[in-house]
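Q: I am new to this structure and would like to learn how to read it. Could you take me through it step by step?

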Amino acid sequence: MDVAFSTADTIVAVATPPGRGGLGVVRLSGPDATAITQRLTHRPARFEARHATLAVVHSNTSALVDQTTADQSVDQVVVTWFAAPHSYTGEDVVEISGHGSPWLLQRIVDLACLEGARLAQPGEFTLRAYLNERLDLVQAEAVADLIHAVTPLQARVAMDQLEGTLTTAVREIEEQLFSLAAKLEASLDFPDEGFHFITRREVTADLDLLESALSRLVSDGRRGRVIREGRMVVIAGRPNVGKSSLFNALVGASRAIVTPMAGTTRDVLTEHVDILGVPVTLVDTAGLRESVDAIEEEGVRRAVQARAVAALTLLVFDASQPLGEDDRRLLEAVSGPRLVVGNKSDLSDAPLEWSGSRPGEVPQLVSAVTGAGLEALRATVVAAMAGGQVERDTPMVSNQRHVQQLERALVAVERARKNLGEGGTEELVLAELGEARDALEAVTGRRTADELLEHIFSRFCIGK
Ligand SMILES: Nc1nc2c(ncn2[C@@H]2O[C@H](COP(=O)(O)OP(=O)(O)OP(=O)(O)O)[C@@H](O)[C@H]2O)c(=O)[nH]1
Ligand SMILES: [Mg+2]
C-alpha cells in the first residue's frame with residue numbers, strides 16, 4: 001500500500017467474491033462516494049442515508065459525455081448510502097448492489113474510476129476503519145480471520161474478537177498497569193519516604209494479579225493459535241495396521257483405498273478435516289517397511305518427508321498383534337510430537353502388549369471399523385496440538401502476533417516482580433511496567449509501525 005495510508009480519496013472495489021451470483025456488490029468509500037454514485041446513476045438528487053434506492057447505472061458518465069457513444073443502461077441496481085461517520089470505514093460508504101455478473105460489476109468499478117474513484121488495495125476498507133478508529137487492530141485482524149474461517153470454532157473465535165472480548169481483556173490489564181504505575185510515580189516524588197503511596201507488599205500483590213491475567217491470555221493463545229492456523233497431522237505405521245481405515249474414519253468418507261493386502265497405500269493422501277473445531281490437514285501415508293518395490297520405496301520416502309513437517313504424528317499399531325520389528329523401528333524413528341494409537345481394538349480383548357516407548361506414552365485404543373475410541377482420539381489429538389491443553393472455553397487469543405506481544409508484557413511484569421524481590425527501586429519497576437504497556441498497546445494497535453499495518457492488511461482480499 002504505497003499510498004501511505006491516504007484517506008483523502010475515494011476508493012472502490014467489488015466486495016463480493018469473484019464468480020457469478022444472484023447479486024454482487026460494488027463498494028465505494030470516501031468523500032466523493034455519493035457524488036460519484038449520483039453521476040453513475042444520472043441522479044440529480046442526493047440519496048437518502050440507509051435507504052435502499054432503486055437506480056440504473058449508465059454507461060455514459062460525466063467523464064464521457066462529449067463522446068459519441070450512445071448512452072446505455074449498464075445495470076439496474078440498488079444503492080445504499082451509509083453516511084459518515086456511521087459506516088464500516090467511518091467515511092461516506094456507498095454500496096451498489098447489482099446483478100452478480102463479474103463483467104457487470106467490473107464495468108461499474110471501471111465507470112466509478114472514470115468518475116474519480118481509485119481502485120482499493122486489499123484490506124483498504126478495513127484499514128480505513130482502523131485509521132478512523134472504527135475498529136482497533138485486534139478487531140481489524142479479526143475481520144480477516146472471520147473471512148478466512150473454515151470451521152465454526154474458527155468463526156466463533158474471530159467473532160468474539162471482533163466483538164471486542166480480547167480488546168476488553170487487554171484494556172483491563174492496561175488499566176491495572178496504569179494505576180500501579182501512577183502510584184509508583186507519586187511515590188517517586190517523595191524519594192525520602194520510599195514507596196510512600198503504596199507498600200512493597202501491595203506492589204507485589206498487584207504484580208501477581210497482572211502476571212496471572214497475562215499468563216491466562218498467553219496460555220489461551222496456545223490453543224487459540226492451533227484453532228486459527230490449523231495443523232498438519234500425519235498417520236504413520238507399518239503396513240496393514242489400518243492407517244487408511246483410520247484416515248477414512250476421521251475424514252468421514254471412503255477417501256483412501258483399504259484392502260487386506262499389506263502395501264496398499266503407496267502415495268501420500270491429504271484431506272482437510274475439522275477435528276473439534278481445529279482445521280486439520282490429515283495425511284495418510286504408505287506403510288513403513290523395507291521394500292523391494294520401487295513404487296513402495298518412493299511411498300515410504302514420502303511418508304518420512306511428511307512426518308518431518310507434521311505438527312503431530314499418529315503412530316498406528318495393530319492392537320490385536322504383538323509389536324513387530326517394523327513397529328519398533330518406527331517407535332525409534334519418529335522423534336517429534338506423536339501419539340501412539342492401537343487400532344483394531346475390536347479384534348482382541350487382550351490389551352496391546354506395550355513396551356519400548358517414551359515414558360508415560362500409552363497407546364490409545366481405537367477401532368477404525370467400529371468407530372470405538374475415535375471421539376476420545378479426536379480430543380487427544382487437539383490437546384496434543386495445543387501443548388497438552390485440554391479443551392475449555394473458546395480461547396480469547398488466537399493470533400501469533402498478539403501472543404508474542406502478550407508474552408513480552410508477561411516477561412516484563414515477571415522481571416518487575418523479580419526486581420522488587422531483590423530490593424529494586426521504583427524506577428526499575430516503572431521501566432518494566434512501561435515495557436509491558438508498550439507491548440499491550442501494540443496488540444490493540446495504539447502503537448504500530450506502518451510496515452506492520454501493511455503486513456497485516458495485505459492478508460485481506462480486495463473489497464474488504
Ligand atoms: N477388524 C478391524 N479391521 C481393520 C481395522 N482397521 C483396518 N482394518 C482392516 O485391516 C486391513 C488393512 O487396512 P488398511 O486401512 O488398508 O491398512 P493400512 O495401514 O492403510 O495399510 P497399507 O496402506 O498397506 O500400509 C483391511 O482389511 C481393513 O479392513 C479395525 O479397526 N478393525
Ligand atoms: Mg493404507
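A: Gladly! Let us begin with a term: helices (H or I, at least four residues) and strands (E, at least two) are DSSP runs, numbered from the N terminus. Here, helix α3 covers residues 124–131, and after α3 comes E133, which has a positive phi, near 60 degrees. Keep in mind that this is a predicted model, where local features need pLDDT of at least 70, side-chain atom pairs count only at pLDDT 80 or more, and totals for chains, interfaces and linings use all residues. Residues are numbered from 1 along each chain as its sequence is written, while chains are lettered from A and ligands numbered from 1 in the order in which they are written.

Q: Is α3 mostly covered or uncovered, and what covers its buried residues?

A: A residue is buried if 20 or more other C-beta atoms, placed from the backbone, lie within 10 Å of its own; it is exposed if 12 or fewer do, and partly exposed in between. In α3, 7 of the 8 residues are buried, among them F125, L127 and Y130. The cover over these buried residues includes β1 (11–14), β2 (21–29), α4 (137–148) and α14 (450–457).

Q: Why does N343 count as buried?

A: N343 counts as buried because it has 30 C-beta neighbours inside 10 Å. This residue belongs to strand β11 (residues 338–343). Two residues are in contact if their C-beta atoms, placed from the backbone, lie within 7 Å. Beyond its neighbours within four places in sequence, N343 has contacts including V241, G242, F317 and V366. V366 is 23 residues from N343 along the chain, and their C-alpha atoms are 5.0 Å apart.

Q: Which strands does β4 pair with?

A: Two strands pair if DSSP finds at least two bridges between them. β4 (residues 73–82) has 7 of its 10 residues buried. With β3 (residues 53–58), β4 forms an antiparallel pairing over 6 bridges, in which V57 stands opposite D75. With β5 (residues 93–100), the pairing is again antiparallel, over 5 bridges, and W81 has V94 as its bridge partner.

Q: How many residues surround ligand 1?

A: A residue is near a molecule or strand if its C-beta atom, placed from the backbone, lies within 6 Å of it. For ligand 1 there are 24 such residues, the closest being G242, S244, S245, T265 and G287. Helix α8 (residues 243–251) gives the most to this shell, with 3 residues.
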